[in-house]
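Work through the exercises below with the sequence and the structure open. Each task is followed by a stepwise solution.

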Amino acid sequence: MQVDPASPAHAPAGARPHVTAAVLAGGVGARMGGGRPKQLLPLAGRPVLEHAAAAFCAAPEVDDVIVLMVPEHRAEAEEIAARLGGVSAVLPGGASRTETSVAALRALEHRGDGDLVLLHDAARPLVTPGVVGACVGALASAGAVGVAVPSGDTVVEVSAGSGGAEVLRDVPPRSSLRRMQTPQGFRLGVVRRAYRKALADPALVATDDCGVVLRYLPEEEVRIIAGDEANIKVTNPGDVEIAETLLRLREQGAAGDGGSGPDAAGTRDRRRESRG
Ligand SMILES: Nc1ccn([C@@H]2O[C@H](COP(=O)(O)OP(=O)(O)OP(=O)(O)O)[C@@H](O)[C@H]2O)c(=O)n1
Ligand SMILES: C[C@](O)(CO)[C@H](O)COP(=O)(O)O
């Protein structure tokens with residue numbers, strides 16, 4: 001990654017940092033199957049990716065939204081971006097989620113270390129502008145923030161037993177366990193430093209970006225804030241139906257959420273106008 005560690009913060013002292021949301025849509029959806037990336041599947045009439053990106057377009061704390069898409073399906077993402085109106089760029093994703101995160105950071109090289117980035121799974125279409133706003137808010141006093149929910153179930157560690165069958169290895173205390181979601185937000189200087197070290201490690205394996213900061217910048221505290229039970233990741237075939245049900249319940253019950261619906265572009269335009 002070409003990052004200048006000495007680069008000054010983009011915003012002048014006292015000004016608020018620029019906030020970019022990067023929606024990671026570079027995956028092929030192998031567990032979902034079906035031949036098309038799951039982020040293009042329809043959910044209540046709109047592609048999964050469109051729901052996810054719309055929440056960021058609707059969040060007044062976000063200045064800029066970019067989408068990282070499977071290269072072969074970039075044209076479809078461009079169509080979604082055109083419909084939303086608030087996405088500034090659709091760029092090619094990488095071969096792994098980690099590589100797609102790195103591609104997002106590379107696209108932000110012109111931003112200062114003091115600016116902010118939110119990395120979000122396109123496969124989480126139920127993210128709300130409220131959670132996005134809380135994540136940006138927490139970044140006022142933290143360099144890295146993840147959203148997570150408590151686990152209702154006991155989460156256990158397993159491994160192969162003597163006969164090869166899976167056996168129980170450990171039962172970590174449930175009270176200290178959380179299920180990690182996205183968005184995960186960072187000061188750019190922090191996540192850049194973490195990835196610079198991570199990319200120098202031939203043993204790098206990561207499933208999320210907060211984990212990269214935890215592992216490669218152990219001195220940096222990663223703040224955990226409350227996520228949303230409904231912010232599920234569409235991963236397996238049954239998840240589309242669950243997400244659709246949750247969306248419909250939300251539409252019926254919560255007109256007051258700020259909305260990631262069709263008015264997202266309008267919200268964004270109003271935000272731009274109010275900033276001059
Ligand atoms: N090369 C990749 C792989 C994943 N992702 C994104 O990371 C998020 C979470 O990943 P996951 O649910 O694992 O998506 P897929 O990789 O598409 O699914 P699978 O592992 O079943 O192939 C998704 O929004 C996915 O598009 C990405 O941007 N680039
Ligand atoms: C980032 C994430 O969604 C947090 O729960 C998750 O780690 C993604 O993992 P996946 O293996 O790419 O599905």
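By class, the shell around ligand 2 holds one nonpolar, three polar and four charged residues. Here Ala, Val, Leu, Ile, Met, Phe, Trp, Tyr, Cys and Pro count as nonpolar, Asp, Glu, Lys and Arg as charged, and the others, Gly among them, as polar. The model is predicted: local features need pLDDT of at least 70, side-chain atom pairs count only at pLDDT 80 or more, and totals for chains, interfaces and linings use all residues. Residues are numbered from 1 along each chain as its sequence is written, while chains are lettered from A and ligands numbered from 1 in the order in which they are written.

**Exercise 1.** List the residues around ligand 2 and find the strand that gives the largest share.

Step 1. A residue belongs to the shell if its C-beta atom, placed from the backbone, lies within 6 Å of the ligand. These are Arg 97, Asp 121, Met 180, Gln 181, Thr 182, Thr 207, Asp 208 and Lys 233.

Step 2. Strand S10 (residues 178–187) supplies the largest share, three residues; strands are DSSP runs of E, at least two residues, and helices runs of H or I, at least four, numbered from the N terminus.

**Exercise 2.** Describe the shell of ligand 1.

Step 1. Its 21 residues include Gly 26 and Thr 100, both among the closest.

Step 2. Strand S1 (19–25) and helix H3 (97–107) each give at least two.

**Exercise 3.** State the strand order of the open sheet.

Step 1. The seven strands run S5-S4-S1-S6-S10-S7-S11, with mixed pairing; a pair needs at least two DSSP bridges.

Step 2. The edges are S5 (87–92) and S11 (222–226).
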